[in-house]
Amino acid sequence: MAKFQSNVLAAGLCVLGSALCAPAHAGTVMDEIRERGQVVCLVNSNSPGFSVPDSNGVYQGFNPQFCRMAAAAIFGDAGKADIRGIGFSDSMKTIVSGEADMASRSITATGTRDADPGMAFVVTTFFDGQGFMVPKSLGITAASGLGGATVCAEEGSTTLSNVADWFSDRGMDYKIENIADKTARLQAFFGGKCDVLSSDLTALASDRLLAEKPDDFMLLPDIISNEPLAIVTRPDHQLEGAIFWAFQVMLWAEELNITSSNVDAIVADLGNQPKAVQRLLGRDAAMGEMAAKLGLNENWAVEVIRQVGNYDEVFQNTIGTASPMAIDRAVTPNRLSSKGGLHYPYPIR
Ligand SMILES: N[C@@H](CCC(=O)N[C@@H](CS)C(=O)NCC(=O)O)C(=O)O
């Protein structure tokens with residue numbers, strides 16, 4: 001009640017244009033998260049490999065693991081991620097309104113989105129590109145054969161503008177079916193209302209698995225855009241830092257061959273480890289300073305690796321070659337930079 005009254009008072013004073021026009025919550029986003037005891041994280045509600053609820057309703061897959069990464073870094077407990085499934089364009093609105101702290105899904109970092117003061121694009125977890133999926137019965141093997149096609153795509157997505165540019169640059173006609181609801185969009189495509197579904201290649205590969213007969217559909221080889229799929233947060237110095245650096249820890253762990261299975265043994269023998277390993281897993285020096293300044297759990301790096309794993313473990317366990325998604329990481333830009341990819345671990349010093 002006292003808080004409500006002081007908000008009303010502040011709102012009243014606001015008309016005077018004074019410096020009292022501060023947001024209702026005086027603390028930072030991280031203060032709110034710590035008070036709540038959970039980080040609220042948005043994912044796709046049905047994207048095989050990327051995020052699907054298990055039989056207990058708990059989200060599993062590539063993207064929820066980065067929600068858990070944030071919780072492990074902040075609280076030392078990956079279980080303190082409140083992971084919620086939501087539609088694509090609603091996820092950005094929900095971040096801007098402050099009803100969720102972060103989104104880990106197929107949101108492309110673009111200039112105009114990043115310029116929005118209500119969203120911070122923190123780190124790219126998957127380097128993707130836009131493609132096309134067609135029924136094999138269409139007999140098309142390349143996008144150049146799509147003249148006059150009806151294209152199903154997601155409302156509010158980069159997909160729409162990329163399709164517009166691509167068809168227009170080639171002087172090709174097309175019609176768009178712009179459908180926000182994922183189930184309705186897939187029904188329209190699988191039911192033949194659209195000739196082609198366009199989206200990020202990963203989303204297409206995942207959507208294909210939702211068809212009654214996935215083998216009736218194929219991805220065309222064309223890649224028409226760059227889609228850096230990034231974690232989006234409410235703007236906040238500490239939250240952005242926590243997520244960016246926790247992700248760097250996952251990359252470093254992979255680079256240094258540290259996994260969720262061997263991290264405890266390595267910590268137990270830390271004095272005999274290479275300096276880079278000592279720095280990553282030690283609680284003092286850089287890791288301690290970062291924990292203090294970013295408000296993280298004192299053992300944050302070890303907890304991220306122990307509870308979530310390194311980047312490769314997450315990739316292989318969810319979307320890698322042994323999974324139904326069967327993505328060969330080695331042929332994507334999602335390799336470490338030391339192997340020719342775009343994931344370049346930043347120095348933690
Ligand atoms: N990356 C595109 C969105 C691509 C897209 O529309 N993806 C949808 C439609 S296939 C999807 O289901 N993505 C999976 C997700 O949202 O996690 C953007 O940021 O605009």
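Ala, Val, Leu, Ile, Met, Phe, Trp, Tyr, Cys and Pro count here as nonpolar, Asp, Glu, Lys and Arg as charged, and the others, Gly among them, as polar. This is a predicted model, in which local features need pLDDT of at least 70 and side-chain atom pairs count only at pLDDT 80 or more, while totals for chains, interfaces and linings use all residues. Residues are numbered from 1 along each chain as its sequence is written, and side-chain values use heavy atoms, with hydrogens and water left out.

**Cavities**

A cavity is a set of points, on a 1 Å grid over the protein atoms alone, where a 1.4 Å probe fits but cannot get out; lining residues have an atom within 4 Å of a point. Points are joined across faces, edges and corners, and a volume is the space filled by probe spheres set on them. Two cavities of 30 Å³ or more are counted.

| Cavity | Volume |
|---|---|
| Largest | about 50 Å³ |

The lining of the largest cavity consists of Cys152, Ala153, Glu154, Thr159, Arg185, Leu197, Ser198, Ser199 and Asp207. Two elements, β8 (149-153) and β10 (196-200), each give two or more residues to it. Helices (H or I, at least four residues) and strands (E, at least two) are DSSP runs, numbered from the N terminus. β10 gives the most, with three residues. By class, this lining has three nonpolar, three polar and three charged residues.

Around the second largest cavity stand Leu280, Leu281, Gly282, Arg283, Met287, Glu298, Asn299, Trp300, Ala301 and Val302. Here α11 (275-281) and α13 (300-307) are the elements that give two or more residues. The largest share, three residues, comes from α13. Six of the lining residues are nonpolar, two polar and two charged.

**Ligand site**

The shell around the ligand holds 19 residues (a heavy atom within 4 Å). Arg105, Thr108, Arg113, Thr158 and Asp200 come nearest. Polar contacts are pairs of N or O atoms within 3.5 Å. The side chain of Arg105 places an N or O atom 2.8 Å from a ligand oxygen. For Ser106, a side-chain N or O atom is 2.8 Å from a ligand nitrogen. Thr158 uses its backbone: an N or O atom there lies 2.6 Å from a ligand oxygen.

The protein covers 98% of the 510 Å² of accessible area that the ligand has on its own (Shrake-Rupley method, 1.4 Å probe). Elements giving two or more residues to the shell are α6 (158-169), α7 (182-190), β10, α8 (201-208) and β12 (227-233). The shell has four nonpolar, seven polar and eight charged residues.

The ligand lies between domain 1 (26-128 + 228-337) and domain 2 (130-225), because both give residues to its shell. These bounds come from an automatic or database domain assignment.

Note on methods
1 Å grid on protein atoms, 1.4 Å probe; cavity = no way out; pocket = protein on both sides within 12 Å on 5 of 7 lines; lining within 4 Å. Polar contact = N/O pair within 3.5 Å; in protein donor to acceptor, adjacent residues only side chain to side chain.
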